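Let's take a friendly walk through this protein together. Have a look at the model below, and then we will start with one of its helices.

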Amino acid sequence: MIEIGLIGCGRIARLVHLRELGSLPGIRLAALAEPDPDRLAQAAALAPGAERYSDYRDLLGRQSLDAVILTLPPDLHAEAAIAAFDAGKHVYSEKPLATDLRAAESVLEAQKRTGLVGMMGFNFRFHPSHQRIRKLLDEGAIGDVLAFRTAFSSAGRSLPQWKRSRSTGGGALLDLGSHHIDLLRFITSAEVSEVYSTIRSARSEADTAFLQLKLTTGLEAQSFF
């Protein structure tokens, strides 16, 4: 039996991770960490028997845990991921990996140093439609592809304060755009060679972004988030 710890018990954790973990064979959700007592109680109701912690560092001290899932605000991802690797845990982190390049590089350094498994929460890679698109491109079934154009928007809703700030939430480019940047790399098997972006603030900081990419294969992509 693989023991998992969940760090961060906010909206996504309660809507997705807690429900999915309960249905996976061979998995036991053994521990929850969340500083907000109300959110911790709500999560515990979905995970009977899981040990509760108000500080994730205490959870990482639990020797029986094999891996942790990070569903924290983005500005806390890097610190928690590094601490988890150093505690000997495999890490699944929601995106983005960090809110700045240096912090992201530090996470990669910790993963390489420990040799543990690290994975980003780019769940759209596994959607059947995206898998099909990649297969069609690999087979040349739609001819020569010259460019991609993508958009990713979400319905207006009341956002928590951390999500309204670029420094803590990452803004639309990191929160939404990171999915499409990853999908372009996944679907085309190419890397990004050039980047141009503009960011605007409409209802909250950095909540609107235009992105133009050039890939190593010469393909170009335009995205709006």
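The buried residues in helix H2, which spans residues 37-46, are Leu40, Ala43 and Ala44. They cover an arc of only 105° around the axis, so they sit on the same side of H2; the arc is that of the directions from the helix axis to the C-beta atoms.

What do the buried residues of H2 pack against? Their partners are helix H1 (11-21), strand E2 (27-33) and strand E3 (51-53), with contact meaning heavy atoms within 4.5 Å.

## About the model

This is a predicted model, in which local features need pLDDT of at least 70 and side-chain atom pairs count only at pLDDT 80 or more, while totals for chains, interfaces and linings use all residues. Residues are numbered from 1 along each chain as its sequence is written, and side-chain values use heavy atoms, with hydrogens and water left out.

## The overall fold

The protein has nine helices and ten strands, taken as DSSP runs numbered from the N terminus (helices: H or I, at least four residues; strands: E, at least two). Its radius of gyration is 19 Å, close to the 17 Å that the globule rule gives for 225 residues, so the protein is as compact as a globular protein of that length. That radius is taken over C-alpha atoms, and the rule is 2.2 Å times the number of residues to the power 0.38.

Buried residues make up 42% of the 225 residues. Among contacts with a separation of 6 or more, 61% join residues 24 or more positions apart.

## A buried histidine

His179 lies in helix H9 (residues 177-188) and is buried, at a relative accessible area of 7%. Leaving aside residues up to four places away in sequence, His179 touches Lys95, Gly121, Phe122, Asn123, Phe124 and Phe152.

Pro96 lies in the loop between strand E5 (90-93) and helix H5 (101-114).

## Positive phi in two loops

Ser189 lies in the loop between H9 and strand E8 (192-200), and its phi is near 55°, a positive value in a residue other than glycine. Ala206 also has phi near 55°. This alanine lies in the loop between E8 and strand E9 (208-215), and Ala206 counts as buried at 8% relative accessibility.

Conventions
Buried < 20%, exposed > 50% of the residue type's maximum accessible area, 1.4 Å probe, protein only.
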